[in-house]
Amino acid sequence: MSANGAVWGRVRSRLRAFPERLAACGAEAAAYGRCVQASTAPGGRLSKDVCAREFEALRSCFAAAAKRNLRGSP
């Protein structure tokens, strides 16, 4: 039972660190948000892949943050 507790302790510590790691993606999130906002504003037109470049940058940043979180590195 204690081995199981140790595993959950590591999982909890990783989950606690994850929001801090995602905070490093603020610039990418803001760029994606601006693109979506501009596309949905009056006169704008949101369609598939209109913000694909910004979304891919955000997705890549999240993936890198998740990898850092799994490895436990800063």
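Visitor: What percentage of the 74 residues in the chain do buried residues make up?
Guide: The model is predicted. A residue counts as buried when its relative accessible area is under 20%. Among the 74 residues of the chain, the buried share is 15%.

Visitor: Which elements make up the secondary structure of the chain, and in what order do they run from the N terminus?
Guide: The chain holds zero strands, and its helices number three.

Visitor: Is S39 buried or exposed?
Guide: S39 lies in helix α2, which spans residues 26-40. Its relative accessibility is 8%, and the cut-off for burial is under 20%, so S39 is classed as buried.

Visitor: Which residues is S39 in contact with, leaving aside its neighbours within four places in sequence?
Guide: A contact requires heavy atoms within 4.5 Å. With neighbours within four places in sequence set aside, the contacts of S39 are G44, R45, L46, V50 and C51.

Visitor: What distance separates the C-alpha atoms of S39 and V50?
Guide: V50 is one of the residues in contact with S39. Along the chain the two residues are 11 residues apart. Their C-alpha atoms are separated by 7.9 Å.

Conventions: Residues are numbered from 1 along each chain as its sequence is written. This is a predicted model: local features need pLDDT of at least 70, side-chain atom pairs count only at pLDDT 80 or more; totals for chains, interfaces and linings use all residues. Side-chain values use heavy atoms; hydrogens and water are left out. Helices (H or I, at least four residues) and strands (E, at least two) are DSSP runs, numbered from the N terminus. Buried means under 20% relative accessible area, exposed over 50%, partly exposed in between (1.4 Å probe, protein chains only).
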